[in-house]
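The following exercises concern a single protein chain. Please work through each task with the sequence and the coordinates at hand before reading the solution.

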Amino acid sequence: MKKKKIVIVGGGAAGFFCAANLDEKKYYVTILEQNSDVLQKVKISGGGRCNVSHACFDPRELVQFYPRGNKELLSVFHQFQSGDTMGWFEERGVPLKIENDNRIFPESNSSQTIIDTMVNEVRRKNFDVKTQTVVSEIAKVEETYIVKTSTGEYAADFVVFATGSSPKSLKLIKNLGHQIVEAVPSLFTFNIKNDTLKDLMGTSFTHAEVSIPKLKMEESGPMLITHWGLSGPAILKISAWKARELAALKYQFDIHVNFLGIHLEDAETIFKNFREENPKKTIGKSKIFEVTTRFWHRILWLSKVDLEKNISSISSKELQSILGNLCNNVMKVSGKSTYKDEFVTAGGVELKEINFKNMSSKILENFYLAGEVLNIDAVTGGFNFQACWSEGWIIAQDLNGK
């Protein structure tokens with residue numbers, strides 16, 4: 001039987017994982033990557049440790065972490081989910097571990113372990129990897145695809161398009177007849193200039209509550225003060241779920257922050273109980289709430305309360321000011337910043353044009369799509385990679401069965 005040719009456009013998570021699962025007896029495979037290295041996002045993910053996936057093994061629960069693509073991914077995760085990812089790497093001698101927050105990492109704590117495993121698998125199959133190769137056009141000539149690049153032309157019986165969501169790649173796929181949902185950023189931090197946060201970068205809160213009244217949106221979870229404003233899961237979840245609405249607001253809006261994550265009335269009760277038990281303490285030295293001393297002093301400064309003031313002398317008006325700054329702090333957001341180096345977008349190829357049983361195009365014959373080029377994205381925690389592994393695996397199974 002004559003071997004057929006597959007060209008995979010994009011050497012990221014989805015494209016590379018697809019190649020690693022293809023049958024080398026049936027196919028010649030060429031991976032085209034425009035950067036000087038493959039799997040660059042894998043390398044920087046999780047602070048260089050690679051957040052491979054998330055320990056959520058029920059497809060119905062797993063899809064809840066995807067603001068876009070949750071319905072479509074249900075059938076995908078029924079075929080290959082987080083447990084299968086763990087099994088795949090462990091079969092190849094890479095033990096993975098589940099951390100307290102359910103994120104999955106390699107035991108080595110190095111993304112290079114994950115990269116090496118996939119690269120070795122592709123190398124073992126004698127597949128061709130072309131880096132610094134920019135695709136300029138894909139044309140269909142009778143039964144064959146001609147992929148035109150900066151380093152020459154490649155003929156393919158099948159194309160796997162897994163480029164990510166850069167404007168250039170979306171234009172390529174649009175030229176082939178696919179509809180594109182305009183890409184906007186997702187998973188970003190909020191830029192805030194406010195005295196509450198000034199010079200407190202690195203201060204974290206275990207369970208904050210954040211709301212954007214204009215969008216009727218609330219989220220909770222860990223939160224972090226950064227150089228630019230606010231970050232952490234509570235912020236990132238909002239940025240993912242409301243990516244389009246926040247883009248429409250041009251990233252200018254009011255945010256209400258509850259640093260304690262408890263009702264103002266409950267905070268008042270905690271304060272009054274502490275005051276009863278410690279009437280002689282000064283307010284500045286009182287450890288009443290689970291916040292850092294620096295942050296507590298900032299709240300007292302904002303509330304115009306002297307640090308040396310005796311806690312029993314705090315007036316009702318001063319107490320309400322303290323509680324308001326802690327539990328209902330209103331700030332203006334003006335802009336966004338990329339979360340770490342992990343740039344994720346909402347938008348891409350219209351999902352109605354994809355057959356999610358095998359990730360094939362409904363518009364182009366023998367053409368598959370996977371990864372961030374699709375209008376699918378997730379919150380932070382390994383979910384975006386899981387979608388890539390699952391989609392890449394499904395494509396490989398479909399091609400292996402031909």
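**Conventions**

The model is predicted, so that local features need pLDDT of at least 70 and side-chain atom pairs count only at pLDDT 80 or more, while totals for chains, interfaces and linings use all residues. Residues are numbered from 1 along each chain as its sequence is written, and side-chain values use heavy atoms, with hydrogens and water left out.

**Exercise 1. The chain as a whole**

Task: state how many helices and strands the chain has, and what percentage of its residues is buried.

Solution. Step one is the count of elements: the chain has 13 helices and 22 strands. Helices (H or I, at least four residues) and strands (E, at least two) are DSSP runs, numbered from the N terminus. Step two is burial, where buried means under 20% relative accessible area, exposed over 50%, and partly exposed in between (1.4 Å probe, protein chains only). Of the 402 residues in the chain, 54% are buried. Step three is extent: along the principal axes, the C-alpha atoms fill a box of roughly 90 × 45 × 35 Å. Step four is contact order, with contact meaning heavy atoms within 4.5 Å. Among contacts between residues at least 6 apart in sequence, 72% join residues at least 24 apart.

**Exercise 2. A seven-stranded sheet**

Task: give the strand order of the open sheet of seven strands, and explain why one side of β17 and of β18 is left without a neighbour in the sheet.

Solution. Step one is the order, β17-β16-β13-β14-β15-β12-β18, with antiparallel pairing. Two strands pair if DSSP finds at least two bridges between them. Step two concerns the edges: β17 (329–334) and β18 (336–338) each have a single partner strand, so one side of each lacks a neighbour in the sheet. Neighbouring strands are turned by 40° against each other on average, direction ignored.

Step three takes the individual pairs.

- β16 (residues 252–258) and β17 are antiparallel over six bridges, and isoleucine 255 stands opposite methionine 331 in β17.
- β13 and β14 are antiparallel over seven bridges, with serine 220 in β14 as the bridge partner of glutamate 209.
- β14 and β15 are antiparallel over two bridges, and leucine 230 in β15 is the bridge partner of isoleucine 225.

Step four identifies the hairpins. Four residues lie between β13 and β14, and lysine 216 in that turn has a positive phi of about 50°. Three residues join β14 to β15.

Axes are lines fitted to C-alpha atoms, for helices over the stretch in contact, and angles run from 0 to 180 degrees between N-to-C directions.

**Exercise 3. Two crossing helices**

Task: describe how the axes of α1 and α13 cross, and which residues make the contact.

Solution. Step one is geometry: the axes of α1 (residues 13–20) and α13 (residues 383–400) come within 7 Å and cross at roughly 40°. Step two lists the contact, made by Ala13, Ala14, Phe17 and Cys18 of α1 and by Phe385, Cys388, Trp389, Gly392, Trp393, Ile395 and Ala396 of α13. Step three sorts these residues by class: ten are nonpolar, one is polar and none is charged. Here Ala, Val, Leu, Ile, Met, Phe, Trp, Tyr, Cys and Pro count as nonpolar, Asp, Glu, Lys and Arg as charged, and the others, Gly among them, as polar.

**Exercise 4. Two buried polar side chains**

Task: for threonine 149 and asparagine 400, determine the burial class, and name the backbone atoms that their side chains reach.

Solution. Threonine 149 belongs to strand β8 (residues 144–149) and counts as buried because its relative accessibility is 12%. A polar atom of its side chain lies 3.0 Å from the backbone nitrogen of threonine 151, and one lies 2.7 Å from the backbone oxygen of glycine 152.

Asparagine 400 lies in helix α13 and is buried at 18% relative accessibility. Its side chain reaches the backbone nitrogen of aspartate 23 at 2.9 Å. A polar contact is a pair of N or O atoms within 3.5 Å; within protein, one must be able to donate a hydrogen and the other to accept it, and residues adjacent in sequence count only if both atoms are side-chain atoms.

**Exercise 5. Histidine 54**

Task: is histidine 54 buried or exposed, and which residues does it contact beyond four places in sequence?

Solution. Histidine 54 is found in strand β3 (residues 53–54) and, at 11% relative accessibility, counts as buried. Its contacts beyond four places in sequence are Ser82, Asp101, Asn102, Arg103, Ile104, Gly381, Gly382 and Phe383.
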